[in-house]
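Trainee: I have a new structure to read. Can we go through it step by step?

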Amino acid sequence: MADIDSAPSSATVSKSVVLVLRVLTFVFLLIALIIIVIDKETEDTIAGPFEVKFSDVHAYRYMLSTIVIGFVYNLLQLALSIFTAISGNRVISGDVGFLFDFFGDKIISYFLLSGSAAGFGVSDDLHLVSKAEDLPFNSFFSKANASASLLLIGFFFTAIASVFTSFALPNKT
């Protein structure tokens with residue numbers, strides 16, 4: 001009687017890991033999106049109440065756009081991954097599908113990183129200005145930093161997924 005190895009193939013493990021990474025990215029981007037959209041704060045000043053919203057800061061709007069674009073891309077990839085897992089067939093067959101996954105993950109991951117960096121940078125700069133002007137917007141900047149942190153984690157998951165999609169690229173040697 002032959003000994004049957006029941007361990008899953010490396011391709012199955014790789015697909016499963018990529019699917020988990022996409023789900024994690026989806027969750028982190030969704031939470032980052034919610035946090036940045038609800039980020040606003042009102043402070044009473046001598047001139048009256050002063051309200052600041054995320055949409056008042058260009059870098060936060062850029063961060064929001066990177067979250068939304070990454071979210072949509074990730075949602076598409078999730079749908080494609082689930083279809084592939086269920087049917088066993090790829091929607092985009094041949095080399096084009098593998099190249100789409102690889103380059104899409106690379107481009108989107110760096111896009112997410114740029115949004116996170118913009119959020120962190122402007123938060124630090126504006127927080128210093130608000131402290132100098134005696135406007136304590138700590139909660140506002142903390143929420144923006146939380147969103148930027150979640151976006152950064154989304155970058156890491158997408159970057160790791162791009163490593164796994166590079167393993168799936170066809171060998172042309």
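Trainee: What is the handedness of the crossing of α2 and α4?
Mentor: This is a predicted model, with local features needing pLDDT of at least 70, side-chain atom pairs pLDDT 80 or more, and totals for chains, interfaces and linings using all residues. Residues are numbered from 1 along each chain, and side-chain values use heavy atoms, without hydrogens and water. A crossing counts as left-handed if the near helix is turned anticlockwise from the far one by less than a right angle, and as right-handed if clockwise. The crossing of α2 and α4 is left-handed.

Trainee: Which residues in α4 does α2 meet?
Mentor: Contact means heavy atoms within 4.5 Å. From α2 come Y60, M63, T66 and I67. The contact holds eight nonpolar, two polar and no charged residues (nonpolar: Ala, Val, Leu, Ile, Met, Phe, Trp, Tyr, Cys and Pro; charged: Asp, Glu, Lys and Arg; polar: the others, Gly among them). In α4 they meet F140, F141, A144, S147, A148 and L151.

Trainee: In what order do the elements run from the N terminus on?
Mentor: Helices (H or I, at least four residues) and strands (E, at least two) are DSSP runs, numbered from the N terminus. The protein has four helices and two strands. Their order is α-β-β-α-α-α.

Trainee: What share of the residues of the protein counts as buried?
Mentor: Buried means under 20% relative accessible area, exposed over 50%, and partly exposed in between, with a 1.4 Å probe and protein chains only. The protein has 173 residues. The buried share is 36%.
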